[in-house]
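Please have the sequence and the model open while I talk.

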Amino acid sequence: MEDLGIQLVDSSSWLEMEEVAMGMEENAPFLDLVKYGEEQYSDSLGWLDVDEWAGDKWLATYQELAKEVQEKADVLVVIGIGGSNQAARAVVDAIGEASSVRIVWAGNNISADSICDVLKEIEGKSVYINVIAKNFETLEPGIGFRALRSFLKEVYGDSYAERVICTGTQESHLDELCKENGFRFLPFPDNIGGRFTALSPVGLFPMAVAGMNINAIAAGAKHMRQRLHTEKASENIALKYAVVRNQLYQKGFRMEMLSYFEPRYFRFAKWWMQLFGESEGKDNKGLYPLFGNFSEDLHSIGQFLQDGSNVIFETFLDVQESGASYVLHNDDVDDRFDYLNGKDFDEINRAAFEATLTAHSKKFPCVKLTVPTMDEESFGQLFYFFEFVCYLSAKILGVNPFDQPGVEAYKQYMFEALGKYE
Ligand code: PA5
């Protein structure tokens, strides 16, 4: 399997390699803690050993159910929000459905316009739904499920229940609903928080329905885990990235931008943004995660990056093989782009990337993360890498990576306004 690579590119000299090496030595004890997981977080570490929820037996279970859906459905509506849908959406959007089932995403907002769009899109099709919710109290998937249930009941009558697959925690209210109504049930691991569930039924089942090779995703994750366990601290890529992020935070950088030149990474970037934002942004600390969808965003925020206040550093996802090609040919129209005759979009994109890296790294430090291709193995490696780094980086920062007390504040006002407590 081809490996991910990491490199610090910093012509601005904010960070010298010796300083990074010293930081890695100093924080090496955290690497050992994270590799095996700490007792205090034992109820959140079900993702650390990939086999726990993505071992062969589990993969076969997800695939068997996915096969049934593939045989009977045109569309699978995935109802979930945040950690309950982002990982699956990241992979399906990047690779594209490879089965006859189209995946439609719902339950991730409260917009009447969006739910009407979903209902319009699935009209006349054979529809299955997968409701994913850890505690089933979140409003968006709750009302999304109602809307889709009404649709299914109207179209399929009493037999609608066989088209409902719920991914919920055992003995939750969703589990009870499954028992009462005859919906199918997949376990939402009670020892993993939403944003760490990419390699569990939460992420893997919808990916399997979309025809993603979930064995390869799990293999990529296991490969990364093995690597992070065996690479010594002074060379460990997760420790290096976690240390660099924290050192830059200490030097006054307040935002990390995940930039990429393949727009198909958009949903992956949203997954990454949630993972780091919700895990590290607490106790008035943390880097704000944002993303740059290049080259498009170079024509908007590019100005700020190059010339604005120095609060952002960048981590680039650098894909070695995009797997696509389009060569520009001379069409005898004098559009003044003839210097590009015979060049591939891919080659031009690479030139834009290298130029951006050169220019930006003169202003602030950049991290280059090389990714072999946008295939399932690479996504498996990326999911495990970033989840591991997130735990490690939060340890160095001194925050609990697995809770999210801040997301409750607005909900109290909203529920009061909606009469939940009357
Ligand atoms: O990471 C988390 O815990 C959250 O972002 C959750 O994934 C998100 O709030 C959805 O939660 P639930 O599936 O319980 O509705």
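This is a predicted model: local features need pLDDT of at least 70, side-chain atom pairs count only at pLDDT 80 or more; totals for chains, interfaces and linings use all residues.

Let me start with helix H10, residues 237-250, and helix H14, residues 376-397, which pack at an angle of about 45° with their axes 9 Å apart. That angle makes H10 oblique to H14, where angles under 35 degrees count as roughly parallel, over 145 as roughly antiparallel, 65 to 115 as roughly perpendicular and the rest as oblique. The axes are lines fitted to C-alpha atoms, for helices over the stretch in contact, and the angles run from 0 to 180 degrees between N-to-C directions; helices (H or I, at least four residues) and strands (E, at least two) are DSSP runs, numbered from the N terminus.

Residues are numbered from 1 along each chain as its sequence is written, and side-chain values use heavy atoms, with hydrogens and water left out.

Coming back to the pair, Ile237, Ala238, Leu239, Tyr241, Ala242, Val243, Arg245, Asn246 and Tyr249 of H10 meet Phe385, Phe386, Phe388, Val389, Leu392, Ser393, Ile396 and Leu397 of H14, contact meaning heavy atoms within 4.5 Å. The residues of this contact of H10 with H14 divide into 14 nonpolar, two polar and one charged, with Ala, Val, Leu, Ile, Met, Phe, Trp, Tyr, Cys and Pro counted as nonpolar, Asp, Glu, Lys and Arg as charged, and the others, Gly among them, as polar.

Helix H1, residues 17-36, also packs with H10, at an angle of about 115° and with the axes 9 Å apart, and H1 and H10 are therefore roughly perpendicular to each other. On the H10 side, Leu239, Lys240, Val243, Val244 and Gln247 are met by residues of H1 including Met17, Val20, Met24 and Leu31. By class, the contact of H1 with H10 has eight nonpolar, three polar and two charged residues.

The axes of H1 and H14 come within 10 Å and cross at roughly 135°, so H1 and H14 are oblique to each other.

Which residues surround the ligand? They are Ile81, Gly83, Ser84, Ala133, Lys134, Asn135, Thr138, Gly194, Arg195, Gln274, Glu278 and Gln404, a residue being near if one of its heavy atoms lies within 4 Å. A polar side-chain atom of Ser84 lies 2.6 Å from an oxygen atom of the ligand, whereas for Lys134 a backbone N or O atom lies 2.8 Å from a ligand oxygen atom, and for Gly83 a backbone N or O atom lies 3.0 Å from one.

Finally, the backbone. Most residues other than glycine have a negative phi, and most peptide bonds are trans. Asp283, in the loop between helix H11 (266-280) and E8, has a positive phi of about 55° although it is not a glycine. The peptide bond from Phe294 to Ser295 is cis, with omega near 10°, and Ser295 has its place in the loop between strand E8 (288-293) and helix H12 (302-307).

Terms used. A polar contact is a pair of N or O atoms within 3.5 Å; within protein, one must be able to donate a hydrogen and the other to accept it, and residues adjacent in sequence count only if both atoms are side-chain atoms.
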